[in-house]
Amino acid sequence: MDFTEIYRQSQGLVAFSQGAHFILTAVADRLIVRRADTFHVSRSWQVSSSPSPSATALAAAPSRPKQASSDNAAPAAISHIGWSSDSEYVFAACAKLGIVCVFRMRDEDWTARIETGAEGLVKAEWAPDGRHILCFSEWALRVTVWSLVTGTATYIQYPLHPDRGHAFRQDGRYFVLAERHKSRDTVGVYDAAESFRLTRHFPLPTSSMTSLALSPTGNHLAVWDSPLEYKLFVLSLTGDVLGSFKPEPDPGFGIRNVVWHPSGMFLAVGGWDNKVHILEQLTWSKVVTLELGTRLPANVTIWREPLNWLEATEGRGFLSYEKIQGPHPLNAARVDHSKAPPKSGTVQLEFNKTGTLLLARFENVPTAVHLFAFPGPGEPFSPRLRSVLFHSSAVLQARWNPVRPGRLALSCGGQAVYLWSEEWTGEGGSEEEMAECVGVPARKFESRDVRWAPDGKGLALVDREAFCCAFEVEGPE
């Protein structure tokens, strides 16, 4: 792989444009757009640090403590950035000041400014149409949907969570939001094509909903209860309860992760009990349970990161994982169930693009990544553990390639990126799997996050205050 130079960034704010032609980053109060081919700066804007009139009035109120003059003079720190779906606009949000600044790629002088007012700002994100921005207020008061076309705002009251509990249908037409009205969990369905007009509003069977997941088909909604109750419900977008799931015996704690199969026909549910339950669409009952065992069988491909390979290679070049013959013990950390929540269970569940592989990471085996083979259409339904990747340090991030289903990238906080692929061509001409460690050629760099470009041809490696990119070297045709 070819690596770029190291560039500055703040708070891990690095994002590829939808076409992977540009990279958007934030450095303190400045927004920077670079070309993805040359990494030359294409656009740059400074976000004004002047707070909104509401924020100024609240800061001057006698009931609130006055900030030091050094804080007032400090520049605004950008907390959120994002591209519109057509890469025509970008925004930079400063949650502390309650402002969102919008800029246009084709007109460097055009700008728009959103001031959230007294309710504050926790998070901002684009709607799929690229012409509306959703602003989540503090204290779960409301979601404000701002239109760049009309300049008007639509207000939705009492969202349950700002960081989860909402989703757009895949075509972007409907916005589904978990809400809390009169001490009850509810869901609102809003028509994004009609200025986010409310089309459905119904109560939920949960007592304290944690989050929701909308199926890829947009027909079913999975909601699950608090971390203390292992309850999952599947509903239609009209509010009808189609099914529910609660394992027997009760594991004691609730659900950590829920992910839909890309076809929408299966649902993977993981909790704190190191089990992944697969539910099917017809009856919403369990068809198989994938469990973290204490020993890996002989039919599982086991890869292990070589010891001290970074020192031996001086952080340059790449080296294949060591392939271990099973059966092999799985040394999981001992779990203290007297402390809540326990350090166990699934911290990540994710299907690849085609749904033929399911990635699972368990908290009490932080250095391992489990890959389960999932049957395709027409194949016998028998999911099984296919491969396990062991590392010297805990895995921080693992992400599937958005285009090529057989490619996986991982980061462990060191000066390297780890790649797994089932597209390797063996001596007989058949495809085989391969795992490689790739060193980052830099004096000091800790790869804490890894993000694929939308075209699947490049990676952004993110450190605490820096980032670089890596691109595959294309051989001659």
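Here is a short walk through this predicted model, from its overall build to a few charged pairs. Residues are numbered from 1 along each chain as its sequence is written, and side-chain values use heavy atoms, leaving out hydrogens and water. Because the model is predicted, local features need pLDDT of at least 70 and side-chain atom pairs count only at pLDDT 80 or more, while totals for chains, interfaces and linings use all residues.

Let's start with the whole chain. The protein chain has three helices and 42 strands; these are DSSP runs numbered from the N terminus, with helices (H or I) of at least four residues and strands (E) of at least two. Its C-alpha atoms fill a box of roughly 65 × 55 × 45 Å along the principal axes. Of the 477 residues, 51% count as buried, where buried means under 20% relative accessible area, exposed over 50% and partly exposed in between (1.4 Å probe, protein chains only).

Now for the charges. The whole structure holds 22 salt bridges, each a side-chain nitrogen of Lys or Arg within 4 Å of a carboxyl oxygen of Asp or Glu. In one of them, arginine 104 meets glutamate 88 at 2.8 Å, N to O. Arginine 104 sits in strand E9 (residues 99–104) and glutamate 88 in the loop between strands E7 (80–83) and E8 (89–94), so the pair ties together parts 16 residues apart in sequence. Is glutamate 88 buried or exposed? At 9% relative accessibility, glutamate 88 counts as buried, whereas arginine 104, at 28%, is partly exposed.

Finally, look for Arg404, Arg407, Glu423 and Glu472, which are linked in a network of salt bridges.
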